[in-house]
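Welcome! Have the sequence and the 3D view ready as you read along.

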Amino acid sequence: MINSNYEKILEKIARISNLGKEEIEKRIEAKKSKLSGLISKEGAALIIASELGISFENEKLKINELIPGMRKVNVVGKVLNVSTVRTFKTKGGDESKVVNFWIADDSSNVRVVLWDTNHVAKVEEGKIKEGVVVEITNASMRDNELHLGNFSDIKISSEIIEGAVSEKVLREKKISEFVRGEGVKVRAFIVQIFEPRFFNVCPECKKKVDKEGDLFICLTHKKVLPEKRAIVNFVIDDGTDSIRAVLFNDAQISVGFTDFENSDKIARIKQELLGREMFFFGNVRLNSFFNNLELIVDNAKEVDLDETIKILEN
Ligand SMILES: [Zn+2]
């Protein structure tokens with residue numbers, strides 16, 4: 001399941017190019033390491049496909065077949081969660097608009113971003129709204145979002161979509177396959193835990209506040225009695241690679257890191273967590289300071305041993 005997209009691309013390259021799968025995989029691995037592992041196996045496969053003159057253009061795809069980096073994507077989906085239209089100024093000083101929403105089919109869902117005035121107008125006029133089915137052509141996958149520019153098209157479709165997947169889909173991935181911008185689920189061991197760091201937030205707006213003398217100042221709420229917050233960093237490892245995992249409030253609670261009162265308690269919790277294997281759910285983001293990927297954890301769950309055994313037995 002995990003690599004089904006990758007397998008699909010591999011099949012297609014093999015079929016059209018007359019190269020053996022082994023040869024193609026060798027080229028994919030070489031491409032990946034040439035790019036310092038910054039792209040996924042799927043992404044590297046797409047580059048190899050394009051180098052061989054093979055395109056996925058003009059094929060209607062299921063949403064779970066969309067891969068970061070794909071161009072000229074055609075897809076049909078039911079509209080969910082339409083955002084408000086935002087206006088912004090372009091570099092040239094012109095006013096421009098952007099709106100986003102999710103579309104779902106029976107395989108998965110994806111966030112769609114409209115940049116073209118004519119497309120945005122369809123939302124403003126209420127033609128594109130929650131529940132309608134749209135057909136999108138010629139869009140591009142940027143990270144894990146489907147972007148529509150001037151050359152793309154979106155129109156109302158009469159297709160009926162049953163069993164649209166509306167809950168957030170997190171694909172289980174290996175750390176070595178992580179791509180910036182995607183939501184993932186990963187099963188990994190906690191191999192290192194750093195000392196928690198603390199900062200202060202405004203009790204009203206929860207934004208970070210700075211200390212000025214003896215006072216804490218929020219830009220909006222002025223003098224405040226701040227709330228203390230912790231940030232916890234792990235290194236997690238799944239055998240393919242390791243990555244820094246960053247945990248804020250809810251994520252800390254989900255791993256049992258709830259008490260920061262004194263260093264003894266912190267040491268005890270660290271002791272309990274170190275070496276534990278868990279499922280981590282979150283978003284992969286680029287840490288621009290270190291220029292590497294990190295996982296912002298939303299939630300973590302115990303690995304259910306019974307379930308694992310059931311899967312192995314089948
Ligand atoms: Zn405030």
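## Cysteines

Cys205 is partly exposed, at 26% relative accessibility, whereas Cys218 is buried, with a relative accessible area of 3%. Here buried means under 20% relative accessible area, exposed means over 50%, and partly exposed lies in between (1.4 Å probe, protein chains only).

How many disulfides does a search of the whole structure find? The search finds zero. A disulfide is a covalent bond between the sulfur atoms of two cysteines; in the search, a disulfide is a pair of cysteine sulfur atoms within 2.5 Å.

## About the model

This is a predicted model, in which local features need pLDDT of at least 70 and side-chain atom pairs count only at pLDDT 80 or more, while totals for chains, interfaces and linings use all residues. Residues are numbered from 1 along each chain as its sequence is written, and side-chain values use heavy atoms, leaving out hydrogens and water.

## Two residues with positive phi

Let us turn to the backbone. Lys206 is not a glycine, yet has a positive phi of about 65 degrees. You can find Lys206 in the loop between strand S10 (197-201) and strand S11 (210-212). Lys206 is partly exposed, with 42% relative accessibility. Helices (H or I, at least four residues) and strands (E, at least two) are DSSP runs, numbered from the N terminus.

Asn81 is also not a glycine, and its positive phi is about 45 degrees. The loop that holds Asn81 runs between strand S1 (73-80) and strand S2 (86-89). At 47% relative accessibility, Asn81 is partly exposed.

## A negative patch

Which residues form a negative surface patch? They are Glu7, Glu22, Glu25 and Glu29. Helix H2 (residues 21-34) gives the most to the patch, with three residues. Glu29 lies in helix H2 and is partly exposed, with a relative accessible area of 41%.

Like charges are joined within 9 Å, and nonpolar side chains (Val, Leu, Ile, Met, Phe, Trp, Tyr) within 5 Å.

Is Ser40 buried or exposed? Ser40 is buried, with a relative accessible area of 5%. Look for Ser40 in the loop between H2 and helix H3 (41-51). The C-alpha atoms of Ser40 and Ile28 are separated by 9.7 Å, and the two residues are 12 residues apart along the chain.

Note on methods: Patches are made of residues with over 30% relative accessible area and no salt bridge: like charges are joined within 9 Å, nonpolar side chains (Val, Leu, Ile, Met, Phe, Trp, Tyr) within 5 Å. Accessible areas come from the Shrake-Rupley method with a 1.4 Å probe; for residues, only the protein chains shown count as cover. A salt bridge is a side-chain nitrogen of Lys or Arg within 4 Å of a carboxyl oxygen of Asp or Glu. Lys and Arg count as positive and Asp and Glu as negative; His and the chain ends are not counted. The place of a charge is taken as NZ of Lys, CZ of Arg, CG of Asp or CD of Glu.
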